[in-house]
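Here are some comments for a reader who is new to looking at structures. Please keep the model open beside the text and find each part as it is mentioned.

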Amino acid sequence: MKRNQKQKFILGGGVTGLSAGITSGLPVLEAALQPGGICSSYYVRPGSQTRLPEAPADDEAYRFEIGGGHWIFGGDPTILHFIQNMVPVKRYSRRSAVYFSGKNLYVPYPLQNHLRYLDEETVTRVLQELATTVSSDFVTMKEWLRASFGPTLCDLFFDPFHDLYTAGLYDRIAPQDAYKSPVSMAQVIRGAFQEAAAVGYNVTFLYPQNGLNQLAQRMAAQCDIRYNHRIVAIDPANRRLTLSSGDRVTYDTLLSTLPLNRMIEMTGLEVPGEAEPYTSVLVLNIGAKRGQNCPTDHWLYNPDTRSGFHRVGFYSNVDASFLPQSARRSQDRVSIYIERAFVGGSKPTAEEVKQYATAVVQELQEWGFITEAEVVDPTWIDVAYTWSRPGSTWKAQALHALEEQGIYQVGRYARWVFQGIADSIKDGFYAGACLREHETHQVPAPMLNHNRVEQAPVSLGD
Ligand SMILES: Cc1cc2nc3c(=O)[nH]c(=O)nc-3n(C[C@H](O)[C@H](O)[C@H](O)COP(=O)(O)OP(=O)(O)OC[C@H]3O[C@@H](n4cnc5c(N)ncnc54)[C@H](O)[C@@H]3O)c2cc1C
(Lines give C-alpha, C1' and ligand atoms only; values in the text may rest on other atoms or scores of the structure.)
Protein backbone atom coordinates (compact mmCIF):
# COMPACT_ATOMS: atom_id res chain seq x y z
CA MET A 1 0.00 0.00 0.00
CA LYS A 2 1.40 3.42 -0.92
CA ARG A 3 1.96 5.69 2.06
CA ASN A 4 0.74 9.24 2.31
CA GLN A 5 -1.61 8.92 -0.63
CA LYS A 6 -5.12 9.96 0.40
CA GLN A 7 -7.55 7.26 -0.49
CA LYS A 8 -10.91 5.73 0.22
CA PHE A 9 -10.99 2.38 2.00
CA ILE A 10 -13.52 -0.19 3.10
CA LEU A 11 -12.87 -1.54 6.58
CA GLY A 12 -13.71 -5.23 7.07
CA GLY A 13 -14.11 -8.06 4.56
CA GLY A 14 -17.27 -9.72 5.91
CA VAL A 15 -20.24 -9.98 3.55
CA THR A 16 -21.02 -6.26 3.91
CA GLY A 17 -17.48 -5.09 3.15
CA LEU A 18 -17.13 -7.56 0.27
CA SER A 19 -20.37 -6.30 -1.28
CA ALA A 20 -19.18 -2.70 -0.95
CA GLY A 21 -15.82 -3.75 -2.42
CA ILE A 22 -17.56 -5.24 -5.45
CA THR A 23 -19.64 -2.18 -6.31
CA SER A 24 -17.04 0.46 -5.41
CA GLY A 25 -13.83 -1.23 -6.61
CA LEU A 26 -12.10 0.24 -3.53
CA PRO A 27 -9.54 -1.64 -1.41
CA VAL A 28 -11.00 -3.70 1.44
CA LEU A 29 -8.79 -3.85 4.56
CA GLU A 30 -9.41 -7.11 6.42
CA ALA A 31 -7.78 -8.23 9.67
CA ALA A 32 -8.13 -11.96 9.05
CA LEU A 33 -6.44 -14.17 6.47
CA GLN A 34 -9.70 -15.12 4.81
CA PRO A 35 -12.91 -13.33 3.78
CA GLY A 36 -16.45 -13.60 5.15
CA GLY A 37 -16.16 -12.39 8.76
CA ILE A 38 -18.52 -14.44 10.91
CA CYS A 39 -20.08 -15.94 7.75
CA SER A 40 -17.21 -18.39 7.25
CA SER A 41 -17.17 -22.15 7.34
CA TYR A 42 -14.30 -24.32 8.50
CA TYR A 43 -13.63 -28.06 8.84
CA VAL A 44 -12.43 -30.33 11.66
CA ARG A 45 -11.67 -34.05 11.36
CA PRO A 46 -13.25 -36.33 14.03
CA GLY A 47 -10.89 -36.54 17.00
CA SER A 48 -8.82 -33.56 15.83
CA GLN A 49 -8.53 -30.03 17.26
CA THR A 50 -7.16 -28.51 14.06
CA ARG A 51 -9.33 -26.18 12.04
CA LEU A 52 -9.01 -26.62 8.29
CA PRO A 53 -10.00 -23.74 6.00
CA GLU A 54 -11.10 -26.17 3.25
CA ALA A 55 -12.65 -29.64 3.26
CA PRO A 56 -9.89 -32.27 3.14
CA ALA A 57 -9.55 -34.30 -0.08
CA ASP A 58 -11.27 -37.35 1.47
CA ASP A 59 -14.15 -35.18 2.84
CA GLU A 60 -13.80 -36.89 6.25
CA ALA A 61 -14.44 -33.78 8.36
CA TYR A 62 -17.27 -31.96 10.08
CA ARG A 63 -18.15 -28.59 8.58
CA PHE A 64 -18.85 -25.82 11.11
CA GLU A 65 -19.28 -22.07 10.94
CA ILE A 66 -17.48 -19.35 12.89
CA GLY A 67 -20.76 -17.69 13.86
CA GLY A 68 -22.84 -20.88 14.29
CA GLY A 69 -25.47 -21.90 11.71
CA HIS A 70 -25.91 -19.09 9.20
CA TRP A 71 -28.95 -19.59 7.00
CA ILE A 72 -29.96 -17.07 4.35
CA PHE A 73 -33.42 -15.76 5.22
CA GLY A 74 -35.64 -13.35 3.32
CA GLY A 75 -33.81 -10.84 1.19
CA ASP A 76 -34.62 -8.87 -1.94
CA PRO A 77 -35.14 -11.05 -5.03
CA THR A 78 -32.24 -9.23 -6.72
CA ILE A 79 -29.89 -10.08 -3.84
CA LEU A 80 -31.01 -13.72 -3.88
CA HIS A 81 -30.43 -13.70 -7.64
CA PHE A 82 -26.90 -12.39 -7.04
CA ILE A 83 -26.20 -15.10 -4.44
CA GLN A 84 -27.55 -17.83 -6.71
CA ASN A 85 -25.37 -16.57 -9.56
CA MET A 86 -22.30 -16.71 -7.32
CA VAL A 87 -22.83 -20.18 -5.85
CA PRO A 88 -25.25 -23.11 -6.16
CA VAL A 89 -27.74 -22.97 -3.28
CA LYS A 90 -30.47 -25.22 -1.87
CA ARG A 91 -33.72 -24.11 -0.28
CA TYR A 92 -34.94 -25.63 2.99
CA SER A 93 -38.24 -25.43 4.93
CA ARG A 94 -37.69 -24.45 8.54
CA ARG A 95 -38.07 -27.09 11.27
CA SER A 96 -37.67 -25.48 14.68
CA ALA A 97 -39.20 -25.77 18.12
CA VAL A 98 -39.07 -24.62 21.71
CA TYR A 99 -37.62 -27.47 23.80
CA PHE A 100 -38.58 -27.71 27.48
CA SER A 101 -35.93 -30.13 28.66
CA GLY A 102 -37.47 -30.52 32.14
CA LYS A 103 -40.63 -31.99 30.58
CA ASN A 104 -38.93 -33.36 27.45
CA LEU A 105 -41.55 -31.36 25.54
CA TYR A 106 -41.13 -29.97 22.01
CA VAL A 107 -43.49 -27.20 20.93
CA PRO A 108 -43.07 -26.11 17.29
CA TYR A 109 -41.95 -22.49 16.69
CA PRO A 110 -43.60 -20.07 17.23
CA LEU A 111 -44.87 -21.23 20.62
CA GLN A 112 -47.98 -19.05 20.67
CA ASN A 113 -49.28 -20.67 17.47
CA HIS A 114 -48.93 -24.23 18.82
CA LEU A 115 -50.68 -24.04 22.17
CA ARG A 116 -52.27 -27.47 21.71
CA TYR A 117 -48.94 -28.99 22.77
CA LEU A 118 -49.49 -27.52 26.27
CA ASP A 119 -51.93 -28.75 28.92
CA GLU A 120 -55.58 -27.66 28.75
CA GLU A 121 -55.53 -25.42 31.81
CA THR A 122 -52.49 -23.49 30.49
CA VAL A 123 -54.07 -23.13 27.06
CA THR A 124 -57.28 -21.71 28.55
CA ARG A 125 -55.32 -19.20 30.64
CA VAL A 126 -53.14 -18.14 27.71
CA LEU A 127 -56.14 -17.62 25.43
CA GLN A 128 -57.90 -15.55 28.11
CA GLU A 129 -54.80 -13.42 28.63
CA LEU A 130 -54.16 -12.89 24.93
CA ALA A 131 -57.77 -11.85 24.46
CA THR A 132 -57.69 -9.34 27.32
CA THR A 133 -54.21 -8.25 28.41
CA VAL A 134 -52.43 -7.43 25.15
CA SER A 135 -51.50 -3.75 25.14
CA SER A 136 -49.14 -1.25 23.58
CA ASP A 137 -48.05 0.17 26.92
CA PHE A 138 -44.40 -0.87 27.29
CA VAL A 139 -40.90 0.58 27.42
CA THR A 140 -38.51 -2.34 27.92
CA MET A 141 -38.25 -5.66 26.11
CA LYS A 142 -39.54 -7.45 29.20
CA GLU A 143 -42.61 -5.20 29.31
CA TRP A 144 -43.14 -5.65 25.57
CA LEU A 145 -43.11 -9.45 25.96
CA ARG A 146 -45.69 -9.29 28.77
CA ALA A 147 -47.84 -6.85 26.80
CA SER A 148 -47.69 -9.07 23.70
CA PHE A 149 -47.89 -12.61 25.07
CA GLY A 150 -49.42 -12.29 28.56
CA PRO A 151 -48.00 -13.49 31.90
CA THR A 152 -48.50 -17.26 31.48
CA LEU A 153 -46.46 -17.60 28.26
CA CYS A 154 -43.86 -15.20 29.69
CA ASP A 155 -43.45 -17.25 32.88
CA LEU A 156 -43.31 -20.45 30.87
CA PHE A 157 -40.96 -19.42 28.05
CA PHE A 158 -40.46 -15.79 27.00
CA ASP A 159 -38.93 -14.55 30.27
CA PRO A 160 -36.48 -17.41 30.94
CA PHE A 161 -35.50 -17.62 27.25
CA HIS A 162 -34.87 -13.87 26.92
CA ASP A 163 -32.98 -13.83 30.18
CA LEU A 164 -30.51 -16.29 28.62
CA TYR A 165 -30.57 -14.82 25.10
CA THR A 166 -29.90 -11.23 26.25
CA ALA A 167 -27.61 -12.31 29.14
CA GLY A 168 -30.03 -10.72 31.59
CA LEU A 169 -30.37 -7.36 29.80
CA TYR A 170 -33.98 -7.80 28.67
CA ASP A 171 -35.49 -5.79 31.53
CA ARG A 172 -33.31 -2.77 30.63
CA ILE A 173 -33.28 -2.65 26.84
CA ALA A 174 -35.81 -1.52 24.27
CA PRO A 175 -37.86 -4.25 22.57
CA GLN A 176 -36.50 -5.77 19.38
CA ASP A 177 -37.94 -7.58 16.41
CA ALA A 178 -41.64 -7.70 17.01
CA TYR A 179 -41.96 -8.97 13.44
CA LYS A 180 -40.18 -12.22 14.25
CA SER A 181 -42.77 -13.28 16.84
CA PRO A 182 -46.00 -12.10 15.25
CA VAL A 183 -49.10 -12.51 17.40
CA SER A 184 -52.12 -13.20 15.22
CA MET A 185 -55.14 -14.16 17.33
CA ALA A 186 -56.56 -16.11 14.36
CA GLN A 187 -53.38 -18.24 14.20
CA VAL A 188 -53.20 -18.58 18.00
CA ILE A 189 -56.77 -19.88 18.23
CA ARG A 190 -56.34 -22.22 15.27
CA GLY A 191 -53.05 -23.54 16.68
CA ALA A 192 -54.71 -24.22 20.03
CA PHE A 193 -56.81 -26.91 18.36
CA GLN A 194 -55.21 -27.96 15.06
CA GLU A 195 -52.24 -27.50 12.70
CA ALA A 196 -51.46 -23.81 12.06
CA ALA A 197 -49.69 -22.48 8.97
CA ALA A 198 -45.95 -21.83 9.25
CA VAL A 199 -45.30 -18.13 9.88
CA GLY A 200 -42.41 -15.76 10.51
CA TYR A 201 -39.46 -14.29 8.67
CA ASN A 202 -37.66 -17.61 8.14
CA VAL A 203 -40.26 -20.12 6.93
CA THR A 204 -37.83 -21.13 4.19
CA PHE A 205 -34.14 -20.33 3.83
CA LEU A 206 -31.21 -20.84 1.48
CA TYR A 207 -27.76 -22.26 2.09
CA PRO A 208 -24.86 -22.61 -0.39
CA GLN A 209 -24.43 -26.26 -1.47
CA ASN A 210 -20.67 -26.13 -0.89
CA GLY A 211 -20.73 -24.10 2.33
CA LEU A 212 -20.94 -20.43 3.19
CA ASN A 213 -17.21 -20.11 2.58
CA GLN A 214 -17.65 -20.48 -1.13
CA LEU A 215 -19.93 -17.43 -1.27
CA ALA A 216 -17.43 -15.28 0.64
CA GLN A 217 -14.50 -16.55 -1.41
CA ARG A 218 -16.22 -15.90 -4.74
CA MET A 219 -17.23 -12.41 -3.62
CA ALA A 220 -13.68 -11.76 -2.44
CA ALA A 221 -12.38 -12.83 -5.87
CA GLN A 222 -14.21 -9.80 -7.29
CA CYS A 223 -12.66 -7.40 -4.75
CA ASP A 224 -9.36 -5.73 -4.12
CA ILE A 225 -9.06 -7.28 -0.64
CA ARG A 226 -5.95 -6.87 1.56
CA TYR A 227 -5.77 -9.62 4.20
CA ASN A 228 -3.84 -9.33 7.46
CA HIS A 229 -4.59 -5.59 7.59
CA ARG A 230 -5.90 -5.05 11.11
CA ILE A 231 -6.71 -1.44 11.93
CA VAL A 232 -5.71 -0.62 15.51
CA ALA A 233 -6.19 3.15 15.63
CA ILE A 234 -7.81 5.90 13.60
CA ASP A 235 -6.75 9.53 13.82
CA PRO A 236 -9.75 11.41 12.44
CA ALA A 237 -8.11 14.85 12.71
CA ASN A 238 -5.28 13.83 10.38
CA ARG A 239 -7.34 11.18 8.56
CA ARG A 240 -4.80 8.50 9.28
CA LEU A 241 -5.19 4.77 9.98
CA THR A 242 -2.68 2.75 11.98
CA LEU A 243 -2.40 -0.95 11.17
CA SER A 244 -1.23 -3.67 13.57
CA SER A 245 1.96 -3.90 11.49
CA GLY A 246 2.70 -0.32 12.57
CA ASP A 247 2.11 1.00 9.04
CA ARG A 248 0.18 4.25 8.77
CA VAL A 249 -2.10 5.07 5.90
CA THR A 250 -3.85 8.34 5.14
CA TYR A 251 -7.38 8.36 3.83
CA ASP A 252 -10.05 10.84 2.91
CA THR A 253 -13.16 8.66 3.27
CA LEU A 254 -13.81 5.35 5.04
CA LEU A 255 -16.68 2.93 4.62
CA SER A 256 -16.54 0.95 7.84
CA THR A 257 -18.27 -2.35 8.59
CA LEU A 258 -16.60 -2.58 12.03
CA PRO A 259 -18.81 -2.43 15.12
CA LEU A 260 -19.92 1.09 16.03
CA ASN A 261 -18.58 0.89 19.61
CA ARG A 262 -15.15 -0.26 18.39
CA MET A 263 -15.01 2.58 15.86
CA ILE A 264 -15.77 5.14 18.55
CA GLU A 265 -13.02 3.61 20.72
CA MET A 266 -10.50 3.54 17.84
CA THR A 267 -11.20 7.10 16.72
CA GLY A 268 -11.39 8.49 20.26
CA LEU A 269 -14.35 10.65 19.18
CA GLU A 270 -16.42 12.13 22.01
CA VAL A 271 -20.00 10.86 22.10
CA PRO A 272 -22.12 12.11 25.00
CA GLY A 273 -23.81 9.51 27.18
CA GLU A 274 -23.12 5.86 27.87
CA ALA A 275 -22.43 3.54 24.92
CA GLU A 276 -25.29 1.16 24.09
CA PRO A 277 -25.11 -2.36 25.53
CA TYR A 278 -24.32 -5.43 23.45
CA THR A 279 -24.02 -9.15 23.96
CA SER A 280 -21.25 -11.47 22.86
CA VAL A 281 -21.97 -15.04 21.85
CA LEU A 282 -19.87 -18.09 22.62
CA VAL A 283 -20.57 -20.65 19.89
CA LEU A 284 -19.69 -24.23 20.68
CA ASN A 285 -19.36 -26.33 17.54
CA ILE A 286 -19.74 -30.01 18.31
CA GLY A 287 -19.33 -33.08 16.10
CA ALA A 288 -20.64 -36.21 17.81
CA LYS A 289 -22.13 -39.65 17.52
CA ARG A 290 -25.87 -39.17 17.21
CA GLY A 291 -27.91 -40.05 20.30
CA GLN A 292 -31.22 -41.92 20.24
CA ASN A 293 -33.28 -38.85 21.18
CA CYS A 294 -31.58 -36.42 18.79
CA PRO A 295 -34.43 -34.47 17.17
CA THR A 296 -34.76 -33.77 13.45
CA ASP A 297 -35.28 -29.99 13.98
CA HIS A 298 -32.90 -27.49 12.40
CA TRP A 299 -32.66 -25.62 15.70
CA LEU A 300 -34.31 -25.46 19.13
CA TYR A 301 -34.93 -22.52 21.48
CA ASN A 302 -33.97 -23.46 25.04
CA PRO A 303 -35.47 -21.65 28.07
CA ASP A 304 -34.21 -23.99 30.81
CA THR A 305 -30.67 -25.25 30.18
CA ARG A 306 -28.45 -26.05 33.15
CA SER A 307 -25.29 -24.95 31.33
CA GLY A 308 -26.76 -21.60 30.25
CA PHE A 309 -27.13 -21.80 26.44
CA HIS A 310 -30.26 -20.50 24.74
CA ARG A 311 -30.17 -22.22 21.37
CA VAL A 312 -28.96 -25.49 19.97
CA GLY A 313 -28.81 -25.88 16.19
CA PHE A 314 -28.19 -28.98 14.13
CA TYR A 315 -26.17 -28.17 11.00
CA SER A 316 -26.47 -31.73 9.75
CA ASN A 317 -30.26 -31.78 10.17
CA VAL A 318 -30.29 -28.99 7.58
CA ASP A 319 -27.88 -30.78 5.26
CA ALA A 320 -25.89 -34.00 5.57
CA SER A 321 -22.94 -32.31 3.84
CA PHE A 322 -22.00 -30.91 7.29
CA LEU A 323 -20.99 -34.46 8.30
CA PRO A 324 -17.85 -36.40 7.43
CA GLN A 325 -18.45 -38.18 4.11
CA SER A 326 -18.66 -41.66 5.70
CA ALA A 327 -21.56 -40.59 7.98
CA ARG A 328 -23.72 -38.83 5.41
CA ARG A 329 -25.76 -41.83 4.38
CA SER A 330 -26.20 -43.45 7.82
CA GLN A 331 -26.52 -40.10 9.66
CA ASP A 332 -25.15 -41.83 12.74
CA ARG A 333 -23.30 -38.64 13.64
CA VAL A 334 -24.52 -35.09 14.13
CA SER A 335 -22.97 -31.67 13.65
CA ILE A 336 -24.23 -29.15 16.22
CA TYR A 337 -23.87 -25.48 17.21
CA ILE A 338 -24.72 -24.20 20.67
CA GLU A 339 -25.10 -20.50 21.47
CA ARG A 340 -24.63 -18.83 24.84
CA ALA A 341 -24.82 -15.08 25.41
CA PHE A 342 -22.55 -12.92 27.62
CA VAL A 343 -22.95 -9.26 28.50
CA GLY A 344 -20.56 -7.28 26.27
CA GLY A 345 -17.15 -6.89 27.88
CA SER A 346 -17.38 -10.04 30.02
CA LYS A 347 -15.39 -12.68 28.14
CA PRO A 348 -14.98 -16.05 29.90
CA THR A 349 -11.44 -17.35 30.45
CA ALA A 350 -10.08 -20.34 28.51
CA GLU A 351 -10.58 -22.48 31.63
CA GLU A 352 -14.21 -21.32 32.02
CA VAL A 353 -14.88 -22.11 28.35
CA LYS A 354 -13.42 -25.59 28.88
CA GLN A 355 -15.63 -26.22 31.92
CA TYR A 356 -18.66 -24.89 30.08
CA ALA A 357 -17.94 -27.15 27.07
CA THR A 358 -17.78 -30.18 29.36
CA ALA A 359 -21.10 -29.17 30.98
CA VAL A 360 -22.78 -28.73 27.58
CA VAL A 361 -21.62 -32.11 26.29
CA GLN A 362 -22.89 -33.72 29.49
CA GLU A 363 -26.26 -31.99 29.20
CA LEU A 364 -26.67 -33.04 25.54
CA GLN A 365 -25.76 -36.60 26.51
CA GLU A 366 -28.35 -36.56 29.32
CA TRP A 367 -30.97 -35.41 26.83
CA GLY A 368 -29.96 -38.30 24.54
CA PHE A 369 -29.03 -35.90 21.69
CA ILE A 370 -25.44 -37.22 21.45
CA THR A 371 -23.29 -40.03 22.78
CA GLU A 372 -19.55 -39.58 22.25
CA ALA A 373 -18.34 -36.07 21.27
CA GLU A 374 -15.64 -36.28 18.56
CA VAL A 375 -15.03 -32.53 18.16
CA VAL A 376 -15.77 -29.68 20.58
CA ASP A 377 -14.61 -26.36 19.16
CA PRO A 378 -15.52 -22.94 20.65
CA THR A 379 -15.68 -19.67 18.71
CA TRP A 380 -16.30 -16.19 20.11
CA ILE A 381 -18.39 -13.42 18.51
CA ASP A 382 -17.40 -10.28 20.38
CA VAL A 383 -20.18 -7.94 19.21
CA ALA A 384 -23.01 -10.32 18.31
CA TYR A 385 -26.30 -8.70 19.33
CA THR A 386 -26.54 -4.93 19.61
CA TRP A 387 -29.15 -3.42 21.93
CA SER A 388 -30.46 0.04 22.82
CA ARG A 389 -31.55 1.57 26.09
CA PRO A 390 -35.04 3.05 25.90
CA GLY A 391 -34.79 6.67 24.73
CA SER A 392 -31.00 6.61 24.24
CA THR A 393 -29.56 8.79 21.48
CA TRP A 394 -26.00 7.36 21.70
CA LYS A 395 -26.22 5.41 18.44
CA ALA A 396 -27.48 8.36 16.37
CA GLN A 397 -24.82 10.64 17.87
CA ALA A 398 -22.03 8.10 17.34
CA LEU A 399 -22.97 7.62 13.68
CA HIS A 400 -23.15 11.38 13.22
CA ALA A 401 -19.76 11.98 14.88
CA LEU A 402 -18.13 9.50 12.50
CA GLU A 403 -19.92 10.87 9.43
CA GLU A 404 -18.59 14.34 10.25
CA GLN A 405 -15.11 12.86 9.92
CA GLY A 406 -15.77 11.18 6.57
CA ILE A 407 -16.40 7.75 8.11
CA TYR A 408 -19.58 6.04 6.96
CA GLN A 409 -20.79 3.02 8.89
CA VAL A 410 -22.52 0.23 6.95
CA GLY A 411 -23.89 -3.20 7.90
CA ARG A 412 -25.23 -4.92 10.99
CA TYR A 413 -22.58 -4.21 13.59
CA ALA A 414 -21.50 -0.89 12.14
CA ARG A 415 -25.01 0.58 12.23
CA TRP A 416 -26.04 -1.23 15.43
CA VAL A 417 -29.06 -2.93 13.82
CA PHE A 418 -30.41 -6.45 13.52
CA GLN A 419 -29.80 -7.58 9.99
CA GLY A 420 -29.23 -10.88 8.18
CA ILE A 421 -26.78 -11.81 5.43
CA ALA A 422 -29.02 -10.85 2.50
CA ASP A 423 -29.73 -7.36 3.86
CA SER A 424 -26.06 -6.89 4.77
CA ILE A 425 -25.13 -7.65 1.15
CA LYS A 426 -27.78 -5.22 -0.06
CA ASP A 427 -26.52 -2.42 2.20
CA GLY A 428 -22.93 -3.12 1.17
CA PHE A 429 -23.83 -2.91 -2.52
CA TYR A 430 -25.69 0.34 -1.98
CA ALA A 431 -22.99 2.04 0.08
CA GLY A 432 -20.22 0.86 -2.25
CA ALA A 433 -22.10 2.16 -5.28
CA CYS A 434 -22.61 5.53 -3.56
CA LEU A 435 -18.92 5.78 -2.81
CA ARG A 436 -18.07 5.04 -6.40
CA GLU A 437 -20.63 7.63 -7.55
CA HIS A 438 -19.13 10.10 -5.12
CA GLU A 439 -15.71 9.43 -6.62
CA THR A 440 -16.67 9.77 -10.28
CA HIS A 441 -19.61 12.19 -10.38
CA GLN A 442 -19.08 14.23 -7.22
CA VAL A 443 -22.37 13.24 -5.61
CA PRO A 444 -22.32 15.02 -2.22
CA ALA A 445 -21.00 12.73 0.52
CA PRO A 446 -24.17 13.01 2.69
CA MET A 447 -25.90 10.83 0.05
CA LEU A 448 -24.08 7.99 1.75
CA ASN A 449 -26.21 8.49 4.83
CA HIS A 450 -29.20 7.12 2.92
CA ASN A 451 -27.91 3.68 3.82
CA ARG A 452 -30.34 3.61 6.70
CA VAL A 453 -32.29 0.47 6.12
CA GLU A 454 -33.18 -0.02 9.77
CA GLN A 455 -34.67 -3.47 10.24
CA ALA A 456 -37.35 -4.26 12.74
CA PRO A 457 -35.52 -6.11 15.50
CA VAL A 458 -35.45 -9.80 16.72
CA SER A 459 -36.86 -11.52 19.76
CA LEU A 460 -35.45 -15.02 19.31
CA GLY A 461 -32.14 -14.36 17.55
CA ASP A 462 -31.25 -14.67 13.85
C1 LIG B 1 -25.16 -15.54 16.58
C2 LIG B 1 -25.53 -14.97 15.23
C3 LIG B 1 -26.26 -15.74 14.34
C4 LIG B 1 -26.61 -15.23 13.10
N5 LIG B 1 -27.32 -16.02 12.25
C6 LIG B 1 -27.68 -15.55 11.05
C7 LIG B 1 -28.41 -16.37 10.14
O8 LIG B 1 -28.70 -17.53 10.41
N9 LIG B 1 -28.77 -15.82 8.94
C10 LIG B 1 -28.45 -14.54 8.58
O11 LIG B 1 -28.81 -14.10 7.48
N12 LIG B 1 -27.74 -13.74 9.42
C13 LIG B 1 -27.35 -14.21 10.63
N14 LIG B 1 -26.62 -13.42 11.48
C15 LIG B 1 -26.25 -12.07 11.02
C16 LIG B 1 -25.02 -12.10 10.10
O17 LIG B 1 -23.96 -12.70 10.80
C18 LIG B 1 -24.64 -10.66 9.71
O19 LIG B 1 -25.71 -10.07 9.02
C20 LIG B 1 -23.42 -10.59 8.82
O21 LIG B 1 -22.41 -11.45 9.26
C22 LIG B 1 -22.89 -9.17 8.80
O23 LIG B 1 -21.71 -9.14 8.07
P24 LIG B 1 -20.70 -7.95 8.23
O25 LIG B 1 -19.78 -8.04 7.05
O26 LIG B 1 -21.42 -6.67 8.40
O27 LIG B 1 -19.93 -8.20 9.59
P28 LIG B 1 -18.77 -9.25 9.96
O29 LIG B 1 -19.09 -10.60 9.43
O30 LIG B 1 -18.55 -9.12 11.42
O31 LIG B 1 -17.51 -8.71 9.18
C32 LIG B 1 -16.66 -7.70 9.70
C33 LIG B 1 -15.26 -7.96 9.19
O34 LIG B 1 -14.40 -6.96 9.73
C35 LIG B 1 -13.18 -7.56 10.12
N36 LIG B 1 -12.58 -6.73 11.17
C37 LIG B 1 -12.98 -6.58 12.45
N38 LIG B 1 -12.18 -5.72 13.11
C39 LIG B 1 -11.26 -5.31 12.22
C40 LIG B 1 -10.15 -4.40 12.30
N41 LIG B 1 -9.86 -3.77 13.43
N42 LIG B 1 -9.41 -4.21 11.17
C43 LIG B 1 -9.72 -4.83 10.01
N44 LIG B 1 -10.74 -5.71 9.88
C45 LIG B 1 -11.50 -5.94 10.98
C46 LIG B 1 -13.57 -8.94 10.63
O47 LIG B 1 -12.49 -9.84 10.59
C48 LIG B 1 -14.69 -9.31 9.64
O49 LIG B 1 -14.20 -10.00 8.52
C50 LIG B 1 -26.25 -13.90 12.74
C51 LIG B 1 -25.52 -13.13 13.63
C52 LIG B 1 -25.17 -13.65 14.86
C53 LIG B 1 -24.39 -12.81 15.81
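1. In which loop does P110 lie? In this model, which is predicted rather than determined by experiment, P110 is found in the loop between β8 (105-108) and α3. The peptide bond that joins Y109 and P110 is cis, with an omega of about -5 degrees, and this is a detail that can be checked by looking along the backbone at Y109 and P110.

2. The next point concerns a pair of helices. Two packed helices are described by the angle between their axes and the distance between the axes. For helix α3 (residues 120-132) and helix α4 (residues 141-165), the angle is about 155 degrees and the axes are 7 Å apart. Because angles over 145 degrees count as roughly antiparallel, α3 and α4 are described as roughly antiparallel to each other, and their crossing is right-handed.

3. Which residues of α3 and α4 meet? On the α3 side they are T122, R125, V126, E129 and L130, and on the α4 side they are G150, P151, T152 and L153. Sorted by class, this contact is made up of four nonpolar, three polar and two charged residues.

4. Strand β14 (residues 278-290) deserves a careful look, since 12 of its 13 residues are buried and the strand is therefore largely enclosed by the rest of the structure. β14 is joined to strand β18 (residues 370-386) by 11 bridges, and these two strands run antiparallel; within this pairing, R290 has I370 of β18 as its bridge partner. β14 also pairs with strand β17 (residues 333-343), again in the antiparallel sense and over 11 bridges, and here K289 stands opposite R333 of β17.

5. A167, which sits in the loop between α4 and α5 (185-193), has a positive phi of about 50 degrees although it is not a glycine. R239, which belongs to the loop between β11 (231-235) and β12 (240-243), is likewise a residue other than glycine with a positive phi, near 50 degrees.

6. Is A167 buried or exposed? A167 counts as buried because it has 23 C-beta neighbours inside 10 Å, where 20 or more are needed for that label. R239 has 18 C-beta neighbours inside 10 Å and so counts as partly exposed.

Definitions and conventions: Residues numbered from 1 in each chain as written. Predicted model: local features only at pLDDT ≥ 70, side-chain atom pairs only at ≥ 80, totals over all residues. Axes fitted to C-alpha atoms, helices over the stretch in contact; angles between N-to-C directions. Helix = DSSP H or I, 4+ residues; strand = E, 2+ residues; numbered from the N terminus. Parallel < 35°, antiparallel > 145°, perpendicular 65-115°, else oblique. Left-handed = near helix turned anticlockwise from the far one by under 90°. Contact = placed C-beta atoms within 7 Å. Nonpolar A, V, L, I, M, F, W, Y, C, P; charged D, E, K, R; others polar. Pairing = 2+ DSSP bridges.
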